[in-house]
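Welcome! Please take a look at the sequence and the structure below before reading on.

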Amino acid sequence: NEIYLHGLGGTKPPFTTDPVRLGESAREVMTPEAYGYVAGGAGSGATMDANRAAFDRWKLVPRMLTDATARTTSATVLGSELPAPVLLAPVGVQSIVHPDAEPATARAAAALGLPMILSTAASHTIEEVAEASGDGPRWFQLYWPSDSDVTASILTRAKKAGYTTLVVTLDTWTLAWRPRDLDSAYLPFLKGEGLATPLSDPAFRALLEKAPEDDMPSAILRWVSLFTGTDHSWNQLPFLREHWDGPIVLKGIQHPDDARRAVDAGMDGIVVSNHGGRQVDGAIGSLEALPPIVSAVGDRIEVLFDSGVRTGADVLKALALGAKAVLVGRPWVYGLGHAGEDGVRHVLRSLLADLDLTLGLTGHRSIGELGPESLQRS
Ligand code: FNR
């Protein structure tokens, strides 16, 4: 309503409300390196294209005269009541995109009551971002280090800072071939901007011979060696359970057998995700993976979804195919690049408004009414 009323009063939104043009308009205000970091994917970009193509294959089938004027987008996700089943996907090194970085995103998410999933690779510490989150829901994403003292220390800090749900990213045990980042020589990464959490961690600092301030390059290399090239296996998941009190969610699942293994391992949730096409080039679109996974695991685990969600219709399609909630990545990151906290809020509010309208216009009064019958595959 606010957006329409502003329009009637002649006030334009701060930047486009068009999810398709959002990336292009962000490109005009971001540095080429920052834009490349956000927009880029693995290899030829084929998986990013497949993510969008997968959404295009499903179409919504609207129903009429269903009295959908009074409706709600609210949902319960892993025990948390949310205004909508939409979360901010973990995104590392946000200082590349905007100087206000993660604290700005945390404030925008909290204002809307949506969980921001804080990345291990954040440019601000866990404690700083927790403070910026205020009363907002707090989820933490782990890049799982090979050193168990460092892992335990980071998890203890996250718990103490009030994070309730742990998201463990499995698909980035090494960084993929990402041409855009390679072409900009990974410059922001090499400055160590995404290392606020390890550099402030006593267990990590104990592994270094010198203080990181005295020898930044080797501190960076040490960290990279701890979280890439790790050889974790399914039978190490109990270690995470021992060190975490709340729900644990595995992110990066694409195969039904891996989803079944997550159930067998006693996990609380999975995120069907291909990291926004940033890890494996030439992979299936993430939405293609969703129906077989939902049929494999049923209600035995909460299935969340990401990779390619751009519009309210996209959210509805993923929910109708059995996801309990979606994570959104690049759209709000472009908002951050545009206008910091206000930009993130503008993108998220636009998505929530689009979701609410499309829910009603397709004849649904609540998220729970969505199902396979809401869609047709074409
Ligand atoms: C990511 N993603 C990501 N995932 C994660 O688990 N930890 C991280 O630190 C990051 N960092 C990151 C940076 C940037 C710039 C992007 C775009 C993405 C992946 C992210 O959580 C999510 O899986 C995808 O972004 C979802 O796809 P869309 O919505 O961007 O298409």
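What follows is a short tour of a helix, a ligand site and an annotated residue. Keep in mind that this is a predicted model.

Let us begin with helix α7, which covers residues 148-160. At 1.5 Å a residue, its 13 residues should span 18 Å, and because the end C-alpha atoms are 18 Å apart, the expectation and the model agree. Several residues of α7 are buried, namely Val 150, Thr 151, Ser 153, Ile 154, Leu 155, Arg 157 and Ala 158. The elements that cover these buried residues include the ones in this table:

| Element | Residues |
|---|---|
| α6 | 126-133 |
| β6 | 138-142 |
| α10 | 196-199 |
| α11 | 202-207 |
| α12 | 216-227 |

After α7 comes Gly 162, with a positive phi near 95 degrees.

Now for the ligand. Which residues come nearest to the ligand, of the 24 around it? They are Ala 89, Gly 92, Ser 119, Gly 276 and Gly 329. At least two residues of the shell are supplied by each of α3 (32-39), β11 (325-328) and α17 (330-361). By type, the shell holds 10 nonpolar, 10 polar and four charged residues.

Our last stop is His 275, where an unreviewed UniProt entry places the feature "active site". His 275 sits in the loop between β9 (269-272) and α15 (286-297). Is His 275 buried or exposed? His 275 counts as buried because it has 25 C-beta neighbours inside 10 Å, and the cut-off for buried is 20 or more. Leaving aside residues up to four places away in sequence, His 275 touches Asp 171, Thr 172 and Gly 252.

Definitions and conventions: Residues numbered from 1 in each chain as written. Predicted model: local features only at pLDDT ≥ 70, side-chain atom pairs only at ≥ 80, totals over all residues. Helix = DSSP H or I, 4+ residues; strand = E, 2+ residues; numbered from the N terminus. Expected span 1.5 Å × (residues − 1). Buried ≥ 20, exposed ≤ 12 C-beta atoms within 10 Å, placed from the backbone. Contact = placed C-beta atoms within 7 Å. Near = placed C-beta within 6 Å. Nonpolar A, V, L, I, M, F, W, Y, C, P; charged D, E, K, R; others polar. UniProt positions renumbered as here; feature names shortened; annotations may be inferred.
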